[in-house]
Amino acid sequence: MDSSALPEFQAHLHTAVENLPAEVRRLFHGRGRCWPGLEQLTADWLDGQLLISLFREPEPAFLDELQSLLNQLVTTQTWQQSGATSLLLQHRGRDGSPLEVLWGELTPNPVVREHGLKYQLTLGRNQNNGLFQDMRLGRQWVKEQARSKRVLNLFAYTCGFSVAALAGGAGHVVNLDMAKSSLARGRDNHRLNQHDLSKVSFLGHELFKSWGKVHKLGPYELIIIDPPSFQKGSFVLTRDYGKILRRLPELLTSQGIVLACVNDPDVDSQFLIDGMQEQAPELRFTERLNNPPEFADIHPESGLKALVFSRG
């Protein structure tokens with residue numbers, strides 16, 4: 001990280017605060033490497049809370065200058081008229097990813113909005129807050145595709161895809177994730193949106209030990225696969241993704257579609273295309289979904305890859 005690049009970040013923040021979105025949104029994405037010297041820095045607007053994240057521990061001089069420019073930001077008239085309630089700095093390069101309140105008062109469990117839907121976040125305890133914003137257009141795509149469909153949501157996390165699918169008129173959604181606490185938050189997200197929970201199933205199981213349950217609740221017109229790159233003792237993307245693709249034909253209807261995702265910067269789209277051709281050749285690649293423009297990456301294959309495959 002380069003302190004000489006911080007004035008550019010400061011200017012970007014001032015411009016962003018003058019035009020804050022009505023919904024949760026990334027305001028600055030240094031991780032896309034489009035801003036030299038700021039690659040480990042992001043800024044997110046969480047419906048009133050501005051969260052600055054450092055993904056690697058910087059040199060003390062960089063951190064001092066960053067905190068100074070943030071302290072200057074909160075004295076501006078633009079900030080004071082923005083409706084902001086807090087300015088937060090998360091140190092993701094430190095053990096426990098501690099969260100520092102630089103201004104205002106932390107709301108640890110805010111309810112934010114995206115495409116008119118509500119999601120509850122958790123700030124200050126984990127690296128991830130409960131909603132992956134780079135998947136914003138993916139959730140919108142699912143909402144548009146889901147009407148009357150039976151949907152399988154693998155690696156469901158806090159059920160963002162499930163919320164979008166129910167909002168789009170899905171007949172039923174099956175969510176599977178080994179973290180029962182994440183599924184509990186997903187259930188809360190559905191309640192926030194006044195969804196009929198009889199249309200949602202929550203399976204707190206390890207996927208590769210649960211194929212029988214997953215198969216019994218199918219078949220599915222839409223399957224979503226959005227795994228972590230690595231899940232200790234359970235999933236390694238480059239080793240295990242093919243095991244999932246191999247099962248798709250027995251889980252899908254004759255006209256079923258699949259949204260398969262990878263968010264590892266070292267794994268490109270061709271990994272999924274080749275894997276599907278090898279493991280489930282009856283499914284053909286149809287499109288790659290766009291990533292949100294605020295997640296621009298100097299190398300598009302390093303960002304999120306969300307690919308659609310169709311059986312029909």
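These exercises with worked solutions treat the cores, helix packing and backbone of a predicted model.

Residues are numbered from 1 along each chain as its sequence is written, and side-chain values use heavy atoms, with hydrogens and water left out. In this predicted model, local features need pLDDT of at least 70 and side-chain atom pairs count only at pLDDT 80 or more, while totals for chains, interfaces and linings use all residues.

**Exercise 1. The cores**

Task: find which residues touch the most other members of the largest nonpolar core, and which elements give two or more residues to this core.

Solution: 

Step 1. A nonpolar core is a set of buried Ala, Val, Leu, Ile, Met, Phe, Trp, Tyr and Cys residues joined through side-chain atoms within 4.5 Å. Buried means under 20% relative accessible area, exposed over 50%, and partly exposed in between (1.4 Å probe, protein chains only).

Step 2. Take the 30 residues of the largest core. Leu-154, Ile-223, Ile-225, Tyr-241, Leu-248 and Val-258 touch the most other members.

Step 3. Assign elements. Helices (H or I, at least four residues) and strands (E, at least two) are DSSP runs, numbered from the N terminus. The strands giving two or more residues are β8 (150–154), β9 (172–176), β11 (220–225), β14 (252–262) and β16 (305–310). The helices are α7 (211–216), α8 (237–251) and α9 (269–279). The largest share, 6 residues, comes from α8.

Step 4. Look at Leu-248. Contact means heavy atoms within 4.5 Å. Leaving aside neighbours within four places in sequence, Leu-248 is in contact with Ile-223, Ile-225, Val-258, Met-276 and Leu-283.

Step 5. Note a second, separate core of 27 residues. Its members include Ala-43, Leu-50, Phe-62 and Leu-69.

**Exercise 2. α8 against α9**

Task: describe how the axes of α8 and α9 cross, and which residues meet.

Solution: 

Step 1. Two packed helices are described by the angle between their axes and the distance between the axes. Axes are lines fitted to C-alpha atoms, for helices over the stretch in contact, and angles run from 0 to 180 degrees between N-to-C directions.

Step 2. Read the values. The two axes come within 9 Å and cross at roughly 45 degrees. That makes α8 oblique to α9. Angles under 35 degrees count as roughly parallel, over 145 as roughly antiparallel, 65 to 115 as roughly perpendicular, and the rest as oblique.

Step 3. Assign the hand. A crossing is right-handed if the near helix is turned clockwise from the far one by less than a right angle, and left-handed if anticlockwise. α8 and α9 cross in the right-handed sense.

Step 4. List the contacts. α8 supplies Leu-237, Thr-238, Tyr-241, Gly-242, Leu-245, Arg-246 and Leu-248. α9 supplies Phe-271, Leu-272, Gly-275, Met-276 and Gln-279. These residues divide into 7 nonpolar, 4 polar and 1 charged. Ala, Val, Leu, Ile, Met, Phe, Trp, Tyr, Cys and Pro count as nonpolar, Asp, Glu, Lys and Arg as charged, and the others, Gly among them, as polar.

Step 5. Check Phe-271 in α9. Phe-271 is partly exposed, with a relative accessible area of 27%. Not counting residues up to four places away in sequence, Phe-271 touches Leu-237, Thr-238, Tyr-241 and Val-262.

**Exercise 3. α4 against α5**

Task: determine how many residues of helix α5 are buried, and which residues of α4 and α5 meet.

Solution: 

Step 1. Count. In α5 (residues 160–167), 7 of the 8 residues are buried, so the helix is largely enclosed by the rest of the structure. They are Gly-160, Phe-161, Ser-162, Val-163, Ala-164, Ala-165 and Leu-166.

Step 2. The crossing is right-handed.

Step 3. List the contacts. Gly-138, Arg-139, Val-142 and Lys-143 in α4 meet Gly-160, Phe-161, Ala-164, Ala-165 and Ala-167 in α5.

**Exercise 4. Backbone checks**

Task: locate the cis peptide bond and describe Ser-97 and Tyr-157.

Solution: 

Step 1. The bond from Gly-218 to Pro-219 is cis, with omega near 0 degrees. Pro-219 lies in the loop between α7 and β11.

Step 2. Ser-97 has a positive phi, near 50 degrees. Ser-97 sits in the loop between β4 (86–91) and β5 (99–104), and counts as buried at 3% relative accessibility.

Step 3. Tyr-157 has a positive phi, near 55 degrees. Tyr-157 is in the loop between β8 and α5, and counts as partly exposed at 22% relative accessibility.
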